[in-house]
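User: Hi, I've got a new structure to look at. Can you walk me through it in plain words?

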Amino acid sequence: MTENKTISESVEHQPQKQKAESARVTRMGSGNIPKLVVEFAIPAILGMVVNGAYNIIDSVFLGHGAGEIGLSAVSVATPIMTVFMALSMLIGAGGNALCALRLGEGEHDEAEHVLGNTFTLGVLVSLLLAVLAHIPAFIEPLLSISSATDTVRPYAREFIQIISLGCVFQIVGMGINNFIRTCGAPNRAFLTMLIGAVGCTIFNAIFVMGLGMGVAGSAWATVCGQLISCITVVWYFTKTPGVPLRLRGKYLRLAGKLVTKILALGTASFVLQIGAAVSQVVTNYALVKYGAMDPIGADNALAAVGVVGRVAMFTILPLIGMSIAVQPLLGFNYGAKLWKRVKTTLATGMAGATIVGTVLWVVVMLFARQIIGFFGITDPALVDLAAFALRVNLIFLPIIGFQIVGSNYFQATGQPTKSIILSMTRQILFLVPLTLILPEVLPNIITSIDGLDAVYMAVPFADFLAIFTVGAFVLVELRKLNRRIKGSQE
């Protein structure tokens, strides 16, 4: 009761104009939590699906417009593109988490300072990436690490170098987009992402199908879509009237302490994405190695199972959307020391992610072959392999949401060390070793399985171990919250 009063008083002493701007934000500490979670979750989930649609759109158009070679090129490029995404998450997720905490503490000016520094960091990092991607000594080893065959290498190189030119639009647009949600405008955050995906689709149709530009056309279409989305995000914080936070010139200059805190809180998301990149590199290596031993061949294995990886990631994006939806609610209430609301938000987010995951699991299990066929793969053997691999990959989908929301909780509440540890568990500590070990061991135990089958069976093993680990951390955290709730009531 005292805590809610403090929040109300902080708003009451603000000028009238700022009161109106703050109303959307302060309701995170007083509104009905299930309603707020639903309000934030729907656009966040749709937004993540739209964001993930970039890769899916590229793959669909390339599958139909350039065949398996185009799909193989994107599979090789995916780990490097994931590094771009990792840097976007390092800056954007870290800045957004710190911003939500500061708003919960009533530090409005500091929250705007965080926004400005996040923008500047995004621009600087993206410019550096664009330069590095065009230096042969940098890009060629990365292509080799990603298992690019001689046939696929030139296409993958071209795709990455073009994408790098638009990296600034991805890092700034996607990183700053999360702040719109923290401003209490989840629908606006979704629309800024939707307009980019629509643009990407239109440009893919023109460049790939209409002009026959192949891999290069798909890359340019992605850049154009990201540019449109970035413009709408920056417009929101500079031109839209009545927003709670502004992108102000005086806050663009980097402040050492803020940058350190942003990077510390964003490290968990960064590690998660880097872990994904490492696991993709290892998976590509295994696909080339064991695909070459199989009648399907190395390039076809990259194409088919590469599609499975992109579909699996796309399927998990709604669960990530749920974790993003509850992040500002967790951060605000944790900063305001509203412990009961923190606990309720965490439980609601986990329940919502479980429901969404179960629905998606049913769709994948029933329509795996149709999903694979959507990417232009027509060879029956490739379709069978990819459909089976997709079902195996996502066998634990109903409970993966628990792991994602639980891990993100520690980032949202300013506990970066725990969040980093949990982010490392699935991809780096579990999935990478299992991808290397299972193809050597499993066929000796189950003779009906070959090395190629065992590659994608590593995923459900890793998921199970990661879910168990997060559960242990969450259980300890719930005990702490219960003690704080009891203490605040005394």
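Predicted model: local features only at pLDDT ≥ 70, side-chain atom pairs only at ≥ 80, totals over all residues.

User: Is Leu 478 buried, exposed or partly exposed?

Analyst: Leu 478 is partly exposed, because its relative accessible area is 26%. Buried would need a value under 20%, and exposed a value over 50%.

User: What does Leu 478 touch, leaving aside its neighbours within four places in sequence?

Analyst: Beyond those neighbours, Leu 478 is in contact with Lys 343 and Leu 346.

User: How far is Leu 346 from Leu 478 in sequence and in space?

Analyst: The two are 132 residues apart in sequence. In space, their C-alpha atoms are 9.6 Å apart.

User: Let's zoom out. How many helices and strands does the protein have?

Analyst: There are 17 helices and 0 strands.

User: And what share of the residues is buried?

Analyst: Of the 490 residues in the protein, 59% are buried.

User: What about contacts between residues at least 6 apart in sequence: what share joins residues at least 24 apart?

Analyst: That share is 82%.

User: Now the inside. Which residues touch the most other members of the largest nonpolar core?

Analyst: Leu 143, Phe 159, Ile 176, Phe 237, Leu 245 and Tyr 409 do. This core has 84 residues.

User: Which helix gives the most to this core?

Analyst: Helix 4 (residues 68-104) does, with 15 residues.

User: Pick Ile 176. What is in contact with Ile 176, again leaving aside neighbours within four places?

Analyst: Ile 176 meets Leu 115, Thr 118, Phe 119, Ile 171, Val 233 and Phe 237. Phe 237 is also one of the residues that touch the most other members of the core.

User: What other core lies apart from that one?

Analyst: Another core has 47 residues. Among them are Ile 316, Ala 368, Leu 397 and Leu 438.

User: New topic: helix packing. At what angle do helix 5 and helix 11 pack?

Analyst: Helix 5 (residues 108-132) and helix 11 (residues 256-292) pack at about 75°, with their axes 10 Å apart. Angles from 65 to 115 degrees count as roughly perpendicular, so helix 5 is roughly perpendicular to helix 11.

User: Which residues meet there?

Analyst: From helix 5, Glu 110, His 113, Val 114, Asn 117, Thr 118 and Leu 121. From helix 11, Leu 258, Val 259, Ile 262 and Leu 263. They divide into 6 nonpolar, 3 polar and 1 charged.

User: And how do helix 15 and helix 16 cross?

Analyst: The axes of helix 15 (residues 397-412) and helix 16 (residues 416-445) cross at roughly 150° and come within 7 Å. Angles over 145 degrees count as roughly antiparallel, so that is the label for helix 15 and helix 16.

User: How do the residues of that contact divide?

Analyst: Into 3 nonpolar, 5 polar and 1 charged. Gln 403 and Phe 410 of helix 15 are among them, as are Pro 416 and Lys 418 of helix 16.

User: Where is Lys 337 found?

Analyst: In the loop between helix 12 (298-335) and helix 13 (339-373).

User: Last one. How many disulfides are there?

Analyst: The count comes to 0 disulfides. As for cysteines, Cys 99 is buried, with a relative accessible area of 0%. Cys 230 counts as buried too, at 8%.

How values were computed:
Residues numbered from 1 in each chain as written. Heavy atoms only, no water. Axes fitted to C-alpha atoms, helices over the stretch in contact; angles between N-to-C directions. Helix = DSSP H or I, 4+ residues; strand = E, 2+ residues; numbered from the N terminus. Parallel < 35°, antiparallel > 145°, perpendicular 65-115°, else oblique. Contact = heavy atoms within 4.5 Å. Nonpolar A, V, L, I, M, F, W, Y, C, P; charged D, E, K, R; others polar. Disulfide = S-S within 2.5 Å. Buried < 20%, exposed > 50% of the residue type's maximum accessible area, 1.4 Å probe, protein only. Core = buried A, V, L, I, M, F, W, Y, C linked by side-chain atoms within 4.5 Å.
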